[in-house]
Amino acid sequence: MRARIVLFGITLAFLFIYGAHSVTITVTNNCPYTIWPGVLTSPPQPQLSNTGFELASTASTSLDVPTPWIGRFWARTGCSTDGSGRFTCATADCGSGQVSCNGNGAVPPASLVEINSVANGGQDFYDISLVDGFNLPVSLAPQGGTGDCTAPSCAANVNAACPEELQVKGSDGGVISCKSACIAFGEDQYCCTGNYNTPETCPPTNYSMFFKSQCPQAYSYPFDDPTSLFSCFGGPNYSITFCP
Ligand SMILES: *[C@@H]1O[C@H](CO)[C@@H](O)[C@H](O)[C@H]1NC(C)=O
Ligand SMILES: *[C@@H]1O[C@H](CO)[C@@H](O)[C@H](O)[C@H]1NC(C)=O
């Protein structure tokens, strides 16, 4: 008992000295329809208690995220529960059969928000990525940090401009998402794999340039860092808006 009290005291002192850091990530749905955001935490950190949730049009949800944290957010669209109780989505499904994604990522195509939030007010990195394609517009804004802290936005309706060979169509025949060339063709030159695995050997392609023209602040291919990766100091909170 005594040892436990001492241990508790030490833990409190540790938290007091080093800080129990967390950041608030707020997700807002500005789309005129319901979406189901998903959250995937990268190892070694455990998944958050909330790995997926429903978000009605104009609603917001805030998550308290312990730092350091590396992970991604996306949003599923066109979701429903079938007769056997299985939850599935027309875009960016996570294959869990539930609203919670439970450690599963999005099945591409999916517009991704990636956040690397460090502890103790160091340098965060964050981006919007269309490397796995696009399903809906999204923006990301750090709040309360210092430094560059650019708020990237991918507001274009990429689906409306998607080249035929990259289109994913819904049951009504409309384009519901747009594959990246890597997802559509799986070739090294588009995925920057194999002999194309360096920035020098994997330049932009006509397909990545299509995504870049639509969303200049988002990753259009894996080595798009110079115009797509942003940073901010001081442990900012983040605001993610779908259909900004
Ligand atoms: C983040 O939001 C929390 C409230 O949710 C606030 O206490 C904190 O000061 C904010 N952090 C920054 C860096 O603005
Ligand atoms: C990209 O180039 C390929 C051949 O190099 C061509 O078949 C395709 O139509 C082009 N796509 C776009 C969107 O320009």
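**Briefing: ligand contacts, disulfides and packing**

An oxygen atom of ligand 1 is 2.3 Å from an N or O atom in the side chain of N237; a polar contact is a pair of N or O atoms within 3.5 Å, where within protein one must be able to donate a hydrogen and the other to accept it, and residues adjacent in sequence count only if both atoms are side-chain atoms. This is a predicted model, in which local features need pLDDT of at least 70, side-chain atom pairs count only at pLDDT 80 or more, and totals for chains, interfaces and linings use all residues. Side-chain values use heavy atoms, with hydrogens and water left out; residues are numbered from 1 along each chain as its sequence is written, and chains are lettered from A and ligands numbered from 1 in the order in which they are written.

**Confidence**

- The average pLDDT (the predictor's confidence in each residue, from 0 to 100) of the chain is 93, and 92% of the residues score at least 70.
- Residues 1–18 have a pLDDT below 50. Beyond near neighbours in sequence, this stretch has three contacts in the model, a contact being heavy atoms within 4.5 Å.

**Ligand 1**

- T24, Q143, G144, G235 and N237 surround ligand 1; a residue is near a molecule or strand if one of its heavy atoms lies within 4 Å of it.
- For T24, a polar side-chain atom lies 3.0 Å from an oxygen atom of ligand 1.

**Disulfides**

- Eight disulfides are found in a search of the whole structure, a disulfide being a pair of cysteine sulfur atoms within 2.5 Å.
- One of them joins C31 and C243, with the sulfur atoms 2.0 Å apart. This pair links distant parts of the chain, 212 residues apart: C31 is in the loop between β1 (22–29) and β2 (36–41), and C243 is in the segment after β13 (237–242). Helices (H or I, at least four residues) and strands (E, at least two) are DSSP runs, numbered from the N terminus.
- The C31 and C243 link is right-handed, with 85° about the S-S bond. C31 and C243 are both buried; buried means under 20% relative accessible area, exposed over 50%, and partly exposed in between (1.4 Å probe, protein chains only).
- C94 and C101 are joined by a disulfide with an S to S distance of 2.1 Å. The torsion about their S-S bond is about -90°, so the disulfide is left-handed. Both C94 and C101 are buried.
- C192 and C202 form a disulfide with sulfur atoms 2.0 Å apart. It is left-handed because the torsion about the S-S bond of C192 and C202 is about -75°. Both cysteines lie in the loop between α4 (188–191) and α5 (206–214), so the pair ties together parts that are 10 residues apart in sequence.
- C192 is buried at a relative accessible area of 8%, and C202 is buried at 1%.

**Strand β2**

- Six of the six residues of β2 are buried, so the strand is largely enclosed by the rest of the structure.
- W36, G38 and L40 cover one side of β2 and P37, V39 and T41 the other, and all are buried. In a regular strand the side chains alternate between the two faces of the sheet.
- β2 pairs with β4 (residues 69–81) in the antiparallel sense over six bridges; two strands pair if DSSP finds at least two bridges between them. T41 stands opposite G71 in β4.

**Helix α5**

- The buried residues in α5 include Y207, S208, F210, F211 and K212.
- Packing of the buried α5 residues is against α2 (158–161), β11 (175–178), α3 (181–185), α4 and α6 (225–228).
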